[in-house]
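I opened my notebook to look up a few things in this structure. The entries follow in the order I made them.

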There are 2 protein chains.
Amino acid sequence: MFELIHQDKNSGARLGRLKTLHGVVETPCFMPVGTQGTVKTLSPADLKGAGAEIILSNAYHLFLRPGVEVIKKAGGLHNFMSWQGPILTDSGGYQIFSLALLRKVKDSGVEFQSHIDGMRHTFSPEDVVKIQEEFGSDIMMPLDECVHYPCARDYAEIAMRRTIDWAVRSKEAHHTEQLLFSIVQGASYEDLRRACAGELVDLGFDGYAIGGVSVGEPRKLIYNITQLVAGLLPKDKPRYLMGVGLPEDILEAAEAGIDMFDCVTPTRYGRNGSAFTSEGKLIIRNSPYAEDFKPLDEECGCYTCKNFSRAYLRHLFNTEEILGLRLVSLHNIHFYLKLLSAIRDSIQKDRFAEFKKTFLAKYMKAGSRKNNNR
Amino acid sequence: MFELIHQDKNSGARLGRLKTLHGVVETPCFMPVGTQGTVKTLSPADLKGAGAEIILSNAYHLFLRPGVEVIKKAGGLHNFMSWQGPILTDSGGYQIFSLALLRKVKDSGVEFQSHIDGMRHTFSPEDVVKIQEEFGSDIMMPLDECVHYPCARDYAEIAMRRTIDWAVRSKEAHHTEQLLFSIVQGASYEDLRRACAGELVDLGFDGYAIGGVSVGEPRKLIYNITQLVAGLLPKDKPRYLMGVGLPEDILEAAEAGIDMFDCVTPTRYGRNGSAFTSEGKLIIRNSPYAEDFKPLDEECGCYTCKNFSRAYLRHLFNTEEILGLRLVSLHNIHFYLKLLSAIRDSIQKDRFAEFKKTFLAKYMKAGSRKNNNR
């Protein structure tokens with residue numbers, strides 16, 4: 001299911017191959033986020049063209065709209081959204097804790113009100129596995145309890161225990177060939193993270209995610225937790241760092257041996273007119289670009305960069321034209337996927353550390369915004 | 001420059017070929033509207049893929065944003081927006097009369113305030129030719145005075161006279177290989193339309209447009225004016241009916257011998273979730289489509305119809321996902337271009353009347369909305 005192809009000789013970075021029911025994914029990989037069954041502004045053909053091998057969607061959002069029945073009748077999520085590659089669905093644990101109203105967490109599951117219409121729903125761990133089985137997700141995430149930062153140790157431990165309990169129940173409820181991962185929680189407490197990782201590994205899952213990161217904590221803490229947990233996970237299983245992050249975060253985490261990433265950043269920044277380039281971030285609305293006829297990134301070969309200038313893209317944002325949101329999103333997704341491809345290439349050649357240094361020297365030089373933003 | 005290839009034996013419909021600096025256009029043709037240098041939500045590759053041969057843009061809008069200098073420095077509008085096919089630019093006469101604030105019309109030109117920032121500007125007929133020359137438009141429209149419906153006869157005559165005077169001055173100011181059309185005005189007064197057409201034809205232009213239609217008058221009146229004016233225009237020059245219209249309008253006007261059309265309808269309807277189909281209009285948000293897994297139009301081969309169901313498109317609109325706006329816009333543009341292609345094909349075979357009847361019987365049956373909407 002997961003094949004470790006090569007371990008970089010000078011870092012923890014690793015090259016792998018993940019087999020799913022809808023195809024093979026080269027790792028480390030980045031999964032564009034299609035929360036509601038669409039990667040915002042982009043078509044499946046755009047994603048394919050940009051080199052995406054796997055995308056992420058979200059059980060909580062799709063459960064609310066269009067609902068499980070519609071997707072089931074469509075023949076599953078792949079058919080519904082016309083994406084025939086692998087799909088990982090997040091359980092929605094994170095969304096219930098960040099978006100839903102009036103949630104009540106019990107050991108049996110979560111009661112919550114829809115953030116859209118206030119309707120009351122209950123998710124048990126078994127429900128969430130069943131929903132994802134009906135979607136036909138290639139990789140399913142179990143229901144977990146994701147706490148905010150900072151979180152009192154007592155509560156972090158309760159949430160971590162519950163996450164393990166729910167992982168056990170998810171595993172028992174799981175009866176298909178779809179892959180089921182589990183999620184290491186434990187907030188910023190090292191001993192809780194250790195305990196959680198240890199117990200989940202003993203239970204045995206198809207892959208392991210690090211959850212509860214990128215929830216407002218300092219970046220350094222994300223790196224520490226990632227490094228710690230990655231070291232506790234089995235070498236022969238994929239490791240997924242949830243919701244991370246900026247290019248510099250991905251490089252750090254890949255170095256720690258993370259295999260899978262997802263983040264809304266490329267598309268969210270794209271819709272705001274922030275482009276990722278080899279020389280750092282570029283805010284397309286800024287006036288110096290009014291008569292700048294260079295592409296967003298001279299090193300980029302995406303449709304946007306091959307056809308449109310910064311001046312034109314700025315014009316599209318100034319006139320609130322949707323094509324602008326789309327073209328910068330497309331470029332950003334392309335940038336991320338190209339970064340991951342370059343990371344894989346460097347690992348193959350045992351040159352990850354060198355690549356990371358060179359990339360960051362150029363990328364960070366231009367005063368790229370360093371604050372976290374997810 | 002314009003070649004009349006075939007005249008339908010049983011109607012006024014005609015098949016032609018229009019040569020421009022950026023390529024040949026088969027007529028009757030539909031020009032997708034890219035007011036601000038972008039056909040809303042669509043890329044040039046999308047347009048090309050849908051079979052667009054020529055698009056329309058707007059001098060008034062582009063003059064305000066990004067400004068003439070930017071487009072000039074980009075090497076012209078084609079380079080700026082990365083569309084290498086023919087472009088017709090409307091002068092902005094219509095926009096000044098419908099959008100701009102506090103306009104003052106003098107014989108010398110129009111003073112107006114930008115609808116964006118209130119800045120004061122003046123357009124003379126000479127300015128408008130110069131702007132379009134700098135854009136590199138393949139087909140330029142002269143400044144005209146477009147009146148509302150209803151319009152008192154006295155004023156309609158003044159505006160018509162001024163339009164002719166401005167056409168004369170535009171012709172004198174025009175020094176390039178770009179094509180310059182003129183615009184027949186005269187509101188709903190037949191004698192004014194006759195006089196205007198006669199004088200413009202005597203002056204001699206590369207093509208003739210019928211302006212001042214689709215400004216709120218009953219549909220029957222548009223048809224009458226179109227029929228009248230088309231009959232007054234020379235056979236060896238292209239005829240362009242500005243801003244029209246719905247598929248049924250295009251069929252009527254093509255029958256009267258119109259060669260060129262533009263309208264915001266396919267993209268505007270697309271962004272509102274109204275799809276044109278061979279069986280009439282389809283409002284994708286309507287609840288019957290929640291579990292309808294057929295394409296928008298089973299006869300359509302566009303990217304949207306080949307890949308996505310009504311249920312999925314409805315989901316995209318319900319969740320306010322931009323991809324929905326884009327996919328239905330793409331389908332609608334495809335529908336229009338396919339309609340024009342079928343019209344051309346039927347003229348070639350002297351079967352236009354038959355095609356029109358068959359198309360409308362199917363299209364209007366399903367209770368397609370009959371009120372005008374431009």
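**Enclosed space**

A cavity here is a set of points, on a 1 Å grid over the protein atoms alone, where a 1.4 Å probe fits but cannot get out. Grid points are joined across faces, edges and corners, and a volume is the space filled by probe spheres set on the points.

I noted the ground rules: this is a predicted model, local features need pLDDT of at least 70, side-chain atom pairs count only at pLDDT 80 or more, and totals for chains, interfaces and linings use all residues. Residues are numbered from 1 along each chain as its sequence is written, chains are lettered from A and ligands numbered from 1 in written order, and side-chain values use heavy atoms, with hydrogens and water left out.

Next I took the largest cavity, with a volume of about 90 Å³. It has 15 lining residues, and Y149(B), A187(B), S188(B), G212(B) and E217(B) are the closest to its centre. Lining residues have an atom within 4 Å of a point. Helix α9 (residues 219-232) of chain B gives the largest share of this lining, three residues. I sorted the lining by class: ten nonpolar, three polar and two charged. Ala, Val, Leu, Ile, Met, Phe, Trp, Tyr, Cys and Pro count as nonpolar, Asp, Glu, Lys and Arg as charged, and the others, Gly among them, as polar.

The second largest cavity holds about 70 Å³. Its lining includes Y149(A), A187(A), S188(A), R193(A), G212(A) and E217(A). Here I found seven nonpolar, three polar and two charged residues.

**Strand β14 of chain A**

I then checked partners; strands pair at two bridges or more by DSSP. β4(A), residues 29-32, runs parallel to β14(A) with four bridges. β13(A), residues 239-241, is also parallel to β14(A), with two. F261(A) has F30(A) opposite, and L241(A) also stands opposite F261(A).

**Helix α14 of chain B**

Last, I looked at α14(B), residues 322-348. Its 27 residues reach 39 Å from first C-alpha to last, close to the 39 Å expected. The expected span is 1.5 Å times one less than the number of residues. I found 22 of the 27 buried. D350(B) follows α14(B), with a positive phi near 55°.

Note on methods: Buried < 20%, exposed > 50% of the residue type's maximum accessible area, 1.4 Å probe, protein only. 1 Å grid on protein atoms, 1.4 Å probe; cavity = no way out; pocket = protein on both sides within 12 Å on 5 of 7 lines; lining within 4 Å.
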